Amino acid sequence: MQNFFKKEKVSDILPYESLSSESAVTEIQSGNGRISISGVQTKLSLVADNGILRFVRDGEQGRYILKPIPNAMHLLERNFLPINEYLCMQIASNAYGIETAECGLCHWQDGNPAYITKRFDVNPDGTKRSMEDFASLAGLTTANGGSDFKYCNLSYEDCAGIIMKHVAASAVEVLKYFRLVVYNFLICNDDAHLKNFSLIEHAPGDYVLSPAYDLVNTSFHLYQPRIFALNKGLFKEGMVMTDIHTVDKQDFEEFGRRIGLSEKIVNRELSRFSIPNRKVEEMVCDIITEESLRKSFLLSFRHRQNMISH
């Protein structure tokens, strides 16, 4: 599993025929394996037990999160979603040095893939680290922000303000955040909402930006993908996008300036993300087996790179 388990020898074949198999459903229900539902993606809690991944039982602390192929039939290319997320996470980490949650791919006994990630908010001894997503830090809920509270209330500029407010060494974390916003743009991730950014306790009372998670190219799966997840886009006052102007390098330069980054740093980062990257090409070709999907991923990625290059 691409060294995912490192010292631990764990099989990447799940001991269940499929998500809907009787044994899996029974164990999920008895052990509260379902820990949350984000959009249409089911998330299941797992532990590694004697080299086998299984769903948690009563009283157990899950160490891994499993995302199977979603059952939502309205999604395009839904069978590709686990591979898509794994690829986007690997590119972030290995091509651009973005800290990400450890992740891998595993398979049901019927051969279908599932995405698996290691929880970074759980310590080796089972205790949990304090972690808050940006929606919580902004005090937003359905009660005061509406049913789409994680999309419609703040901009990415506002989110940088959350980092500045709660992080002592905010300059370092804001730069990490800038890179993540640019990367989400490159991979066409229009689900980078407030609950997909978090601060995590690094030391008592000391918070940093959490490792990146839920990175996926949503353009493969939605009929009408958006450019940004947040309705306001990059800026507090919102962004007006037309057929003539959508997003370009100047927008990200302005965004960087507004969140406190120097012109030199912003130009360096935009240059790094906009030039061809051999590692990206290699990982896409290695991980995506279907030629049409490979071509589509690379075309959209290069198009977004071109958008921020001038």
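I took strands (E, at least two residues) and helices (H or I, at least four) as DSSP runs, numbered from the N terminus. I called two strands paired if DSSP finds at least two bridges between them.

The model is predicted, so I noted the limits: local features need pLDDT of at least 70, side-chain atom pairs count only at pLDDT 80 or more, and totals for chains, interfaces and linings use all residues. Residues are numbered from 1 along each chain as its sequence is written, and side-chain values use heavy atoms, with hydrogens and water left out.

**Entry 1**

I looked up the hairpin of S8 and S9 and found two residues between the strands, with Gly205 at a positive phi near 80°. Strand S8 covers residues 198-203 and strand S9 residues 206-209; they are antiparallel and share four bridges. I read off two of the facing pairs: Leu199 is opposite Leu209 in S9, and Ala203 has Asp206 as its bridge partner.

I then checked S8 against strand S7 (residues 131-133) and found three bridges, again antiparallel. Met131 of that pairing faces Ile200 in S8.

**Entry 1: S4, S5 and S6**

I turned to strand S6 (residues 113-118). Strand S4 (residues 64-68) is joined to S6 by five bridges and runs antiparallel to it. Strand S5 (residues 103-107) is also antiparallel to S6, with five bridges.

Why is S6 largely enclosed by the rest of the structure? I found that five of its six residues are buried, where buried means under 20% relative accessible area, exposed over 50% and partly exposed in between (1.4 Å probe, protein chains only).

**Entry 2: Ser155**

I located Ser155 in the loop between helix H5 (149-152) and helix H6 (156-166).

I listed its contacts (heavy atoms within 4.5 Å). Apart from neighbours within four places in sequence, Ser155 touches Leu230, Lys232, Gly233, Leu234, Phe235 and Lys236. For Lys236 I also noted that its backbone nitrogen lies 3.4 Å from a polar atom of the Ser155 side chain.

**Entry 3: cavities**

I searched for cavities on a 1 Å grid over the protein atoms alone, a cavity being a set of points where a 1.4 Å probe fits but cannot get out, with lining residues having an atom within 4 Å of a point. Points are joined across faces, edges and corners, and a volume is the space filled by probe spheres set on them.

I found two cavities of 30 Å³ or more. The largest cavity holds about 40 Å³, and its lining includes Tyr156, Phe185 and Ile227. Helix H7 (residues 170-186) supplies the largest share of that lining, three residues.

I sorted residues into nonpolar (Ala, Val, Leu, Ile, Met, Phe, Trp, Tyr, Cys, Pro), charged (Asp, Glu, Lys, Arg) and polar (the others, Gly among them). The lining of the largest cavity has seven nonpolar, two polar and no charged residues.

The second largest cavity holds about 30 Å³. Among its lining residues I noted Leu180, Asn196 and Tyr213, and the lining divides into five nonpolar, three polar and no charged. Asn184, Asn189 and Ala192 line both cavities.

How values were computed:
1 Å grid on protein atoms, 1.4 Å probe; cavity = no way out; pocket = protein on both sides within 12 Å on 5 of 7 lines; lining within 4 Å. Polar contact = N/O pair within 3.5 Å; in protein donor to acceptor, adjacent residues only side chain to side chain.
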